Amino acid sequence: MQSFVNIEHFSCGYPGHFVLDDVSFGIQKGDFVGIIGPNGSGKTTLFRGISAELSALTGVVTLDGKNIHKMSLRQRAQNVAIVTQTIEAGAMTVEEYVLMGRMPYRKQFQFFENENDFAIVEKYMKLTGVDRLRNKFMNALSGGEQQLAGIARALAQEPQLLLLDEPTSHLDITHQVQILNLIRRLSHDLKLTILMIIHDLNLAGEYCDQLIMMQKGGVRKTGIPMDVLNYKDIEAVYDTVVITRTNPVSGKPVVFLISEDVMSTKKLP
Amino acid sequence: MAGIRTKYWKWIVFLAALLLLLAISVAISLSSGEIDIPISRLPQILSQPDSMEFTILTRIRIPRLILAIAVGGALSLSGAILQGIYRNPLVEPYTLGISGGAALGIAIAIVFGLNSLSFLTLPVFGFLGAIITLFLVYFLSIKRAGLSINSMLLIGVMVSFISSSAMMFLMSISTTDNLQSIVFWVMGALDESNSMLIRIAMYSSLAGLIITYFFAQPLNALRLGNAKAKHLGINTDVTVRLLFFVASLLTGIAVSVAGVIGFVGLVIPHLVRLLIGNDYRILLGGSFLGGAIFLVLSDTIARTIIAPNELPIGVITGFAGGLVFIVVLSRSRSHVKLN
């Protein structure tokens, strides 16, 4: 069956060496999918491949049946929005920054934003809660607020597919939960398809509908969190001893780590 | 929404203020000189084609004024463009070695005695020097991976060192007469008398302004960085290359008619940024007008302060620009805003 986002035998990489080799998976419309895997397993490269920053060496990436790599830059920006880990927007206000999300819709020589642009920006600033920060400079915001503004900007692009690169890294749990709740709402309420790189396995298990586990430039396992987050796969991919249990309230998988000295004195169950 | 609307109103007021300031500077510049012409009499004189003052205005002061506006606007505009595509607030036309190349071209023409051939020799050699340097910088910095902005900057600085060494070599082997004309040229002056060159300078700097305005939004997107601008659907490669050429041509033309006038491209865009923000839709026009005002006033000072002699205009722009810049930067904590 053709999925909404379809990646088939896709390889890409940097000059001289392959990083991503023969990756295939599909995502249904409105799914919130987490990409997990250790550093260097090709998560960010996969993002660059999907967003066509890196050209395909083999295979295709399609979105709703259309090849993303064959779209024009403008078309692509109307369909795929990316929120990067760091948002270096410097001295522009939050509102100016979010308005940049409307750039893919500007006519060739359109100089100013139109009413529709303002309305859309207003809507997504409210939705993400950054409307009260509208006149603040981006570089005066905290990391969490910057991520929220980044998400608002990406939503203003009105994309079919939203790519998030570790939106919760460097944030405290308040902001982690705030942002992930927001993303989850977006995928449910707006039927937005979301692909997110995330390092924290517990957050990945708790929030995502589907997980893609990557290893050495390939996909090791895909499926619902309960299937993907088992100790055998995690230990094989991360080369670390873990224990998995179930969250008594949400019923989602939880991953525990064990320190070296505990491990030497206790027997693993 | 209110924030952005107020911003547009501020832009209009800002542009109006700059235009007014330019008008005042023009009036001051036209009235001052060896023969003082009161500002109040300017309209009257301009309607009397047979008076001596009329000849002074139309033959000497107005051409010079037009050149000041064209060169000031062009240099300041190319500074704003280059800062935008390099995302580096310290870049200006002269950091990229373009003017060094132009100066070298001029020095070669003078040392080999080519300037007696035609009035066009020096401008043409200056322009060639600028363009050759530009191609050098551009092609040396294109790597397999594409256009690397940082290497372009470093190569520009190096090329500028090399050409200034080559120029010093030429100066050390040249005659006293030649040496003096090289030095004078390097210090910059707006006393070009050929009306065709002045017209070329004016039209090309206006054309540069118009072309650049088509890229105001891509320049805004580039404030987020190359990759992120691409994510917003901007063809950054085309934008950066095209704007680099526009900025270089503008600088090449300015340098070839007026010599090396430093600081305009660095200081003026910065002051405009501090006053009105970093949105290129206002920054480009603001920089152009600001550069024009700055050079008109500097030139007026340069030719009156030690009259009947004339100071090289580079001395004035360096002093005035640098001092204003230091004062403004140390008074506001706005240097964080410079990106």
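These are my notebook entries on two chains of a predicted model, their folds and the contact between them.

**Entry 1: conventions.** I worked from a predicted model, in which local features need pLDDT of at least 70 and side-chain atom pairs count only at pLDDT 80 or more, while totals for chains, interfaces and linings use all residues. Residues are numbered from 1 along each chain as its sequence is written, and chains are lettered from A and ligands numbered from 1 in the order in which they are written.

**Entry 2: the two chains overall.** I looked up the secondary structure of chain A and noted 10 helices and 12 strands, where helices (H or I, at least four residues) and strands (E, at least two) are DSSP runs numbered from the N terminus. Chain B has 14 helices and 2 strands. For the 269 residues of chain A a compact globule would have a radius of gyration near 18 Å, and the 20 Å of chain A agrees with that; the radius is taken over C-alpha atoms, and the globule rule is 2.2 Å times the number of residues to the power 0.38. For chain B, with 339 residues, the rule gives a value near 20 Å, and the chain has 20 Å, which agrees. Along the principal axes, the C-alpha atoms of chain A fill a box of roughly 70 × 40 × 35 Å, and the C-alpha trace of chain B spans about 60 × 55 × 35 Å.

**Entry 3: the sheet of chain A.** I followed an open sheet of 6 strands in chain A, in the order β6-β7-β8-β3-β9-β10 and with mixed pairing; two strands pair if DSSP finds at least two bridges between them. Its edge strands are β6 (80-83) and β10 (218-223) of chain A, each of which pairs on one side only. From one strand to the next the twist averages 20 degrees. Within this sheet I checked β7 (residues 161-165) and β8 (residues 193-197) of chain A, which pair in the parallel sense over 5 bridges, and I found Leu162(A) opposite Ile194(A) in β8(A).

I then looked at what lies across these strands. Helix α1 (residues 43-50) of chain A lies across β3 (32-36), β7, β8 and β9 (210-215) of chain A and runs at about 150 degrees to β7(A), with axes fitted to C-alpha atoms (for helices over the stretch in contact) and angles from 0 to 180 degrees between N-to-C directions. Helix α5 (residues 143-156) of chain A lies across β6 and β7 of chain A, at about 170 degrees to β6(A).

**Entry 4: a hairpin in chain A.** Strands β11 (residues 242-246) and β12 (residues 253-257) of chain A run antiparallel and are joined by 5 bridges. Arg245(A) stands opposite Val254(A) in β12(A). The hairpin has 6 residues between the strands, and in it Gly251(A) takes a positive phi near 75 degrees.

**Entry 5: helix packing in chain B.** I began with α8 (residues 195-213) and α11 (residues 236-258) of chain B, which pack at an angle of about 160 degrees with their axes 10 Å apart. That makes α8(B) roughly antiparallel to α11(B), since angles under 35 degrees count as roughly parallel, over 145 as roughly antiparallel, 65 to 115 as roughly perpendicular and the rest as oblique. Their crossing is left-handed, a term for the near helix being turned anticlockwise from the far one by less than a right angle, with right-handed used if clockwise. Among the residues making the contact are Leu197(B), Ile200(B) and Gly208(B) of α8(B), and Leu243(B), Val246(B) and Leu250(B) of α11(B); two residues are in contact if their C-beta atoms, placed from the backbone, lie within 7 Å. The contact divides into 10 nonpolar, 4 polar and no charged residues, counting Ala, Val, Leu, Ile, Met, Phe, Trp, Tyr, Cys and Pro as nonpolar, Asp, Glu, Lys and Arg as charged, and the others, Gly among them, as polar.

I turned next to α3 (residues 52-86) and α12 (residues 264-276) of chain B, whose axes come within 7 Å and cross at roughly 70 degrees. The two helices are therefore roughly perpendicular to each other. Their contact has 6 nonpolar, 6 polar and no charged residues. α3(B) also packs with α13 (residues 280-304) of chain B at an angle of about 140 degrees, with the axes 7 Å apart, which makes α3(B) oblique to α13(B). This crossing is right-handed, and the contact has 15 nonpolar, 8 polar and 2 charged residues.

**Entry 6: between the chains.** Finally I looked up the interface, where 24 residues of chain B are in contact with 26 residues of chain A. On the chain B side, the elements giving two or more residues are α1 (2-31), α9 (216-222) and α10 (226-231), and α10(B) gives the most, with 4 residues. By class, this side has 10 nonpolar, 8 polar and 6 charged residues.
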